[in-house]
Every structure is written in structure tokens, then in C-alpha cells.
Amino acid sequence: MRNRRYRGTLSTVIKEELAEMIVSGKWADNEQLPAEEKLADELGVSRPTLRDALRILEWEGLIVREHGKGTFVRKRTNLHSGLEYWRSISEIIRSTGKTVTTRFIGLNERLFDEEIHSKLNIGTQELVVRLERIRLADGEPVSYSLDYIARRLFGYTALRKETFMGSLVDSLETVYNVRISYSLTNLVPVVADKSLAELLEIGELSPVLLLDELHCDKKGEPIFLGREYFPYDRVQFHIIRHRVD
């Protein structure tokens, strides 16, 4: 059995490994995957675990299973990901083989609404940094995000937009030694007003999913508040729920 970093169930881990193989070009579009027995042996897992992983991949649209023929790689036209564990939009985009770019809109430091300060568990007179960005997949906008972070987390360092062109979570961890352990997430269906529609390059009143998330460290202390908007026809999420007996 290979060494693995577990994030969720084993079938979820295997699904991620298979997705990486597909994206890296191990199997081309429309190419058939090896038989289940051979693939399970290659991955060092049982066939039931492999089948669970394949079911998730099929649900996400990365493969198609044809009865009596086998399992084939299918190219996706949109992004699709599970919400069982935290994953950045940059990771989701890269998992499909698409190129991630960032359109930086704003970086400012000031006092915000009392609600923002309360959620960050800081005083109303403490400065907050707000990042405003759009993520693109192969040049197409797939998310618009507003992130609020207590200024004190950055120390006395002057903030530059170049620091935040990639994943905010990665920047906090690698540059500022601040690690996110989990997030509290609300899923809110909304429709795009004129401003949001222009930012995401979609039609006004188009369906959009808002992920309103408070990201915390392992002690439960809030690190940043993120509000990210996804156009429904480009990014879709699902949740796999297991029965608890």
C-alpha cells in the first residue's frame, strides 16, 4: 500500500489520484481505463473502494462508464467538485487541466461593517484588508471573490497585489506562517445583478452560487472571511452524504 495523505474517505483519496492521472495525460480523452481488477491492483485498493471512486469521478463528469464496454475518459466543459473537504478554486481549475489566471480588482485596508469585524473576532477599530479578485479558467471567469483578513496577520509588511495573485490560503501559509484547518460554509443561491454579471461576464439575473465561508485555524480562531461567487453554468458543486447507522 502506497503512502497517502488522507483527506476524507479512501475512495475520495483514490478519486483524486485518478483525476490527477487523467489531467496529467496518463489517459487521453475518450481512452478506455484499465479493467477494474488491474486498476485496483495498481492503486493498492479493493475493487469496492475503486468502484466508489469511479462513481464520484463519473458524477463529476471526468469519466463515462458504458455498460458492456468499459470506463472512458471524458473531457469536461465546466468545473465540478465535491464539498466534502476544503479545496481552492485554483486547485479545482488545475484538476481539469485548464490554466488558472487572476484578474486583480482591488486591495485596500480600512475599517468595515461591524459584522465583518465581529466574524473575524477583532475590534471595530482594527484595520481589515479586503481582497477583490476574479479567477479565470483558460481566460473565462469562473469565480469572483471578496476576502477579508485582519491586517495584524501580515505584521508590518507592506502589502502588494503580487503576493495575492495565487491562492490566498497558500500565501498565508508559505509567506505569513498562518495555516487554515477548516472552514464554516454557507451555500447561498443568488442571481447576478448588473455589477456581478459584468464581472463574471454572464447574463444579468443568471443563477450564481455564493460560498460564504469563515476560515479558521486549528484552535478555531477566525483567519479570514471569504465570499466567493460562482456562475452555475461554469462551476458546480456536489456533496456526497453517507448514512450514519
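Visitor: Which residues do ring pairs link into a cluster with F154?
Guide: This is a predicted model, so keep that in mind as we go. The structure holds five aromatic pairs. Ring pairs join F154 into a cluster, and its partners there are F164 and Y176.

Visitor: What type of aromatic pair do F112 and Y148 form?
Guide: Their ring centres sit 5.3 Å from each other, and the planes make an angle of 85 degrees. Planes over 60 degrees apart count as edge-to-face, so that settles the label. The F112 and Y148 pair is edge-to-face.

Visitor: How many residues apart in sequence are the parts that this pair ties together?
Guide: Both partners, F112 and Y148, are buried. F112 belongs to the loop between β4 (100-110) and α5 (114-119), while Y148 belongs to strand β6 (residues 140-150), so the pair ties together parts whose separation in sequence is 36 residues.

Visitor: Is F104 buried or exposed?
Guide: F104 is found in strand β4. Leaving aside residues up to four places away in sequence, F104 touches L131, E132, R133, K161, F164 and M165. The cut-off for buried is under 20% relative accessible area. With a relative accessibility of 19%, F104 therefore counts as buried.

Visitor: And how far apart in space are F104 and E162, C-alpha to C-alpha?
Guide: In sequence, F104 and E162 are 58 residues apart. In space, their C-alpha to C-alpha distance is 9.2 Å.

Visitor: Which residues touch the most other members of the largest nonpolar core?
Guide: In soluble globular proteins, nonpolar side chains tend to be buried together. Here the largest nonpolar core has 22 residues. β5 (128-137), β6, α7 (194-200), β8 (207-216) and β9 (222-231) are the elements that give two or more residues to this core. The members touching the most others are I116, L120, V128, Y144, Y148 and L196.

Visitor: What does L120 touch, not counting residues up to four places away in sequence?
Guide: L120 is one of the core members that touch the most others. With residues up to four places away left out, the contacts of L120 are V128, Y148, I149, A150, P222, I223, F224 and L225.

Visitor: On which side of α2 do the buried residues lie, and what does the face turned away carry?
Guide: Helix α2 (residues 36-43) has L39, A40 and L43 as its buried residues. They span an arc of only 100 degrees around the axis, which puts them on the same side of α2. The face turned away from that buried side carries exposed residues, namely E37, K38 and D41.

Visitor: How are α2 and α3 arranged relative to each other?
Guide: Helix α3 (residues 47-60) packs against α2 with axes 9 Å apart and an angle of about 100 degrees. The contact involves E36, E37, L39, A40 and L43 of α2, together with R47, L50, R51 and L54 of α3. Angles of 65 to 115 degrees count as roughly perpendicular. That's why α2 and α3 come out as roughly perpendicular to each other.

Visitor: Which residue just after α2 takes a positive phi?
Guide: α2 covers residues 36-43. Just after α2, a positive phi of about 75 degrees is taken by G44.

Key
Residues are numbered from 1 along each chain as its sequence is written. This is a predicted model: local features need pLDDT of at least 70, side-chain atom pairs count only at pLDDT 80 or more; totals for chains, interfaces and linings use all residues. Side-chain values use heavy atoms; hydrogens and water are left out. Rings of Phe, Tyr and Trp (its six-membered ring) pair if their centres lie within 6.5 Å; planes under 30 degrees apart count as stacked, over 60 as edge-to-face and the rest as tilted. Helices (H or I, at least four residues) and strands (E, at least two) are DSSP runs, numbered from the N terminus. Buried means under 20% relative accessible area, exposed over 50%, partly exposed in between (1.4 Å probe, protein chains only). A nonpolar core is a set of buried Ala, Val, Leu, Ile, Met, Phe, Trp, Tyr and Cys residues joined through side-chain atoms within 4.5 Å. Contact means heavy atoms within 4.5 Å. The arc is that of the directions from the helix axis to the C-beta atoms. Axes are lines fitted to C-alpha atoms, for helices over the stretch in contact, and angles run from 0 to 180 degrees between N-to-C directions. Angles under 35 degrees count as roughly parallel, over 145 as roughly antiparallel, 65 to 115 as roughly perpendicular and the rest as oblique.
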